[in-house]
Amino acid sequence: MKKTLGYLKPYGGTVALGLVLKFAGAVAELFLPLLLEYIIDDVAQNNALDYDKKINMVVILGCAMLGCAIVALAGNIIANRLTVKSSGNMTHDLRYDLFARTSYLNSRQVDEFGVPSLISRLTSDSYYVNQMVARTLRLGVRAPILILGGIVLAFSRDAVLACVLLGCVPLVGLIIFIITKRSVPLYFGVQKKQDEMVRRTQENVTGVRVIRALSKSAYECEKFDGTVKDLAAQEFRANKLMSLSNPLATLVLNLGLVVLIAVGAVRGNSPGIVLAFLQYFVIILNAMIALSKIFVVISRGSASSSRIESVLAADVSEHTGEYPADDSGCKLRFKGVNFSYNGVENNVRDFDFGIRPGQTLGIIGATGSGKSTLVNLLMRFYDVNSGQVFIDGKDVREYPLEELRKKFGAAFQNDFLMAASVRENVDYGRGLDDEAIIRALEDAQASEFVNGLEGGISFNLAQKAANLSGGQKQRLLIARALAGKPEIIVLDDSSSALDYATDAKLRKALAEGYPDSTKVIIAQRISSIKSADLIIVLDDGEIIGAGTHEELKETCGEYALIYATQMGGE
Ligand SMILES: Nc1ncnc2c1ncn2[C@@H]1O[C@H](COP(=O)(O)OP(=O)(O)OP(=O)(O)O)[C@@H](O)[C@H]1O
Ligand SMILES: [Mg+2]
């Protein structure tokens, strides 16, 4: 929590001013019963004063009461505005840092936190922290002052009546404490159910096409309904319990008032003082109820703040070191590489191969055989468990990440396009000129369709490029990978949606236009990688064949089988 609260520091001045105003407002509010008592007992019922004098004093004291009420109100309103401002600014800063940290997390850390959880930390958790800070600033000072000030002033007026008041306070406190303590876990439950609802909503919105295609809308609605009902039930349980606190506290208050009036009557207290005490009762009671609400938001907010802090505390520094070099002259080389995502079974076993600068590496294999994992290791999204991955003879763990990633132009499997222009999507913040972008689009076989779009490269894509076909999206992603002529081009399953003729043209453009770039091409179709200098065939995390197309046809049964199956398609 300390780190989260530290985000309030820059707004210390605003916070302090707000608190001072809250304090002034609370004090002014506490004076109201005193003035009321004075008007009733010392003015209205004072037979020594004549009528005109009484009226005069009532008007003056009435104005004083009005003044106090205005100070209380204005202090409160201005302080609340300042509070909203400082807590809003603080939440902005916190969210910014959280977002920045989240985007620097390495792939393993993202796996550990989980994407939905990272999203809810950025959205609902930061909102709960905001609520905690805002509510605490609004009520955290005001409520204790009202309670303490009320008790002190009550004692200064009449110690016996104040004892009646003081007797009620612990009782009300106990009721509120028990109820709040029990309801906090229930509110945590609500938070969890909300997360689940968010996750389900995300899944459904993202997967809306699949769901419709499989006619699963009704099924999904039913599941969503279940989640929402669960959430409603949990909220009901929490609120049901919490809603007991008000009536129970009021009951104690009313009983206290009866006792107060009885004691007042027996002791012959004046009506003014009884009325003043009545007001103190109400002020104190309300303040206690407000405090109980703060406890709920604080418990919720502190849980959220620790979820946020665990992301902020994640180590995102680059771990570079020195490793043995490779002198084989390869551009890319895997040497005895083993790797596991979960640390249990190896997803990659004994990868050993290399290609020279400007050559093409083709990778083929069944789904889940480790093709994308190979790219993940090459680009150092994950670190190997044993063995080494070299680029230009240097272990990838020796390169600063930015330098390493700059070598690559990659189109990942199921990569994403932004809701921005074609130009921005291809350039992706690299500051390339239009010529380079148009060239990349041509090589990626995308220029024909891009020219047909309204505005050409200025055409704006919809979110997730929903206004493009699958093959069009793939070609833009390829253009992004090619733009800027990177040292290493990685295309992971990037031509799967292209027809054979376009795929062939793409291969030709790659070979002719990018002779110096080393290419890594993952494909399901043999035709896409047939001319590669080295093809590796993967199966369940192992290399089961390596060589050129002609060699593999002879040496690798699996490859020969895929080839035979796909021959018909070519
Ligand atoms: N982030 C991850 N966490 C845990 N396991 C993973 C992760 N990514 C992939 N795997 C597992 O690693 C294995 C290899 O996955 P990989 O993505 O490399 O397959 P692939 O050959 O690219 O398959 P496809 O052709 O379907 O893209 C699979 O068993 C997969 O379940
Ligand atoms: Mg893959």
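Residues are numbered from 1 along each chain as its sequence is written, chains are lettered from A and ligands numbered from 1 in the order in which they are written, and side-chain values use heavy atoms, leaving out hydrogens and water. Because the model is predicted, local features need pLDDT of at least 70 and side-chain atom pairs count only at pLDDT 80 or more, while totals for chains, interfaces and linings use all residues.

**View 1. The shell around ligand 1.** There are 14 residues around ligand 1 (a residue is near if one of its heavy atoms lies within 4 Å). Gly368, Lys371, Ser372, Thr373 and Gln413 come nearest. Helix H11 (residues 371-378) gives the most to this shell, with 3 residues. Helices (H or I, at least four residues) and strands (E, at least two) are DSSP runs, numbered from the N terminus. By class, the shell has 3 nonpolar, 9 polar and 2 charged residues. Ala, Val, Leu, Ile, Met, Phe, Trp, Tyr, Cys and Pro count as nonpolar, Asp, Glu, Lys and Arg as charged, and the others, Gly among them, as polar.

**View 2. Side chains at the oxygen atoms of ligand 1.** An N or O atom in the side chain of Thr373 is 2.4 Å from a ligand oxygen. For the side chain of Lys371, the distance is 2.7 Å. For that of Asn347, it is 3.1 Å. The protein covers 63% of the 630 Å² of accessible area that ligand 1 has on its own (Shrake-Rupley method, 1.4 Å probe).

**View 3. The largest pocket.** Its volume is about 2,200 Å³. A pocket is an open set of points on a 1 Å grid over the protein atoms alone, where a 1.4 Å probe fits, with protein on both sides within 12 Å along at least five of seven lines; lining residues have an atom within 4 Å of a point. The volume is the space filled by probe spheres set on the points, which are joined across faces, edges and corners. The lining has 46 residues, with Ser103, Met379, Phe381, Arg405 and Phe412 nearest the centre. Elements giving two or more residues include helix H3 (51-104), helix H12 (401-406) and strand E6 (408-411). H4 gives the most, with 5 residues. The lining divides into 21 nonpolar, 12 polar and 13 charged residues.

**View 4. The second largest pocket.** About 940 Å³ of space lies here. Among its 28 lining residues, Asn414, Asp415, Phe416, Lys464 and Lys473 lie nearest the centre. H16 supplies the largest share, 4 residues. Domain 1 (2-312) and domain 2 (332-567) both give residues to the lining, so this pocket lies between them (bounds from an automatic or database domain assignment).

Definitions and conventions:
Polar contact = N/O pair within 3.5 Å; in protein donor to acceptor, adjacent residues only side chain to side chain.
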